[in-house]
Amino acid sequence: MTGAVTHLPLDALGDYLRAQGLAGAGPLTATVLAGGQSNPTFRITTAEGRNYVLRKKPPGALIASAHAIDREYRVMRALQDTAVPVPRMLAYCDDAALLGTPFYVMEFLQGRVLMDQSLPGVEPAERTAIYREMNRVIAALHAVDYAAVGLADYGKPGNYVGRQVARWSRQCREATVPVTPAMERLMDWLPQHLPQDDETTLVHGDYRLDNLVFHPSEPRVIGVLDWELSTLGHPLADLAYQCMAWRIPPTLWRGIGGLDLAALGIPQESEYVGWYEQATGRQAAEHWDFYLAYNLFRMAAILHGIAQRAQDGNAAAADAVETGAKAGPLAELGWEAAQRYMAGRQ
């Protein structure tokens with residue numbers, strides 16, 4: 001869903017783009033691009049027909065370290081010539097006077113954004129190929145030499161999960177929207193059961209189907225988007241974030257849990273993880289339910305933050321209240337994964 005917008009100061013933006021050599025003399029048009037609860041995103045079209053994507057921080061008081069569009073711009077620029085497909089970065093502006101908040105401009109990718117992980121209307125063989133391609137790209141991401149591409153200081157190596165649990169727990173406890181009992185239990189349990197298998201790679205932090213742009217007709221990723229939560233972190237935690245989908249029913253939120261995956265041509269979770277293990281040489285099984293519990297907690301905390309922004313009146317998406325309400329059920333699934341993890345270690 002897109003819609004025309006009038007609240008961007010297009011004259012000032014046009015002057016900026018012309019100064020960057022990205023636009024001619026004519027007027028700009030802008031439409032809101034769908035997707036994303038966080039940073040407002042627009043398609044900008046110049047009078048001569050060039051298309052760009054503009055992404056900016058939302059207005060209003062924001063949680064510290066959230067909406068890190070400067071980091072998004074930096075990581076995608078660093079990945080420009082790696083095996084990880086990303087759109088080309090064109091300009092970054094930290095002058096809030098121009099559009100009200102900092103923003104960046106990147107290439108517009110003409111392709112498919114597939115929102116439903118069950119891939120309705122797609123043949124089973126292509127579903128398999130699409131999941132294979134998603135797996136290939138996340139394995140490629142975790143193989144990037146982050147120091148060699150200029151990201152040695154992009155995060156703190158080591159103890160990623162511990163720091164993430166502390167960060168999201170603090171955010172939940174500072175919010176005025178109350179947390180559920182399952183969230184409280186996870187905030188207590190997770191720090192006490194951190195695995196000792198520490199490893200550091202570049203991680204996306206929000207790697208899922210609808211943050212990928214596929215080629216218009218091929219099962220090939222041409223761009224990975226929405227790097228706001230990227231950092232240096234644990235690769236299996238990053239993989240388990242995507243694999244939450246197998247545990248979440250579509251009636252709750254963006255999941256494929258409970259579907260007839262064999263009939264659809266979608267791999268089972270174990271098969272998908274096996275592809276990753278073959279590509280990377282990593283072994284995921286020992287602490288897998290911990291990483292699922294962690295990610296379900298983290299996702300619940302992110303949605304709790306959306307509920308807070310909705311209450312405060314500065315959420316980017318119209319369905320923020322409904323989305324924020326899903327935090328509790330996701331935390332319940334997280335607590336179930338924690339209990340499985342404990343049972344498997346007895």
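Figure 1. L186 lies in helix α6; helices (H or I, at least four residues) and strands (E, at least two) are DSSP runs, numbered from the N terminus. This is a predicted model, in which local features need pLDDT of at least 70 and side-chain atom pairs count only at pLDDT 80 or more, whereas totals for chains, interfaces and linings use all residues. Residues are numbered from 1 along each chain as its sequence is written, and side-chain values use heavy atoms, with hydrogens and water left out. With a relative accessible area of 0%, L186 is buried (buried means under 20% relative accessible area, exposed over 50%, partly exposed in between; 1.4 Å probe, protein chains only). Leaving aside neighbours within four places in sequence, L186 is in contact (heavy atoms within 4.5 Å) with P191, F297, A331, G334, W335 and A338. The C-alpha atoms of L186 and E332 are separated by 9.2 Å, although these residues are 146 apart along the chain.

Figure 2. Helix α12 comprises the 18 residues 327-344. The buried residues of α12 are A327, G328, L330, A331, L333, G334, W335, A337, A338 and Y341. These buried residues pack against α6 (181-189), α10 and α11 (320-324).

**Figure 3. Helix α4 and the elements around it.** Helix α4 has 19 residues and reaches 28 Å from its first C-alpha to its last, close to the 27 Å expected at 1.5 Å a residue. Its buried residues include R127, E133, N135 and H142, together with Y131, A140 and L141. The partners of the buried residues of α4 are the strands β7 (201-203), β8 (212-214) and β9 (221-224) and the helices α7, α8 and α9 (269-280).

**Figure 4. The nonpolar cores.** A nonpolar core is a set of buried Ala, Val, Leu, Ile, Met, Phe, Trp, Tyr and Cys residues joined through side-chain atoms within 4.5 Å. The largest has 94 residues, and those with the most contacts inside it are V84, Y131, L190, L202, W227 and L330. Helix α10 (residues 288-312) gives the most to this core, with 14 residues. Not counting residues up to four places away in sequence, V84 touches L79, A140, L141, V144, V224 and W227. A second, separate core of 17 residues includes Y16, A23, Y52 and L99.

Figure 5. A search of the whole structure finds 1 cavity of 30 Å³ or more, and the largest cavity has a volume of about 100 Å³. On a 1 Å grid over the protein atoms alone, a cavity is a set of points where a 1.4 Å probe fits but cannot get out, and lining residues have an atom within 4 Å of a point. Grid points are joined across faces, edges and corners, and the volume is the space filled by probe spheres set on the points. Q117, R208, Y241, Q242, M244, A245, I248, W253, R254 and M299 line this cavity.

**Figure 6. Two residues with positive phi.** L119 has a positive phi of about 55° although it is not a glycine, and this residue lies in the loop between β6 (103-107) and α4 (124-142). At 2% relative accessibility, L119 counts as buried. R254 likewise is not a glycine and has a positive phi of about 55°; R254 is found in the loop between α7 (235-243) and α8 (261-264). At 31% relative accessibility, R254 counts as partly exposed.

Note on methods. 1 Å grid on protein atoms, 1.4 Å probe; cavity = no way out; pocket = protein on both sides within 12 Å on 5 of 7 lines; lining within 4 Å. Expected span 1.5 Å × (residues − 1).
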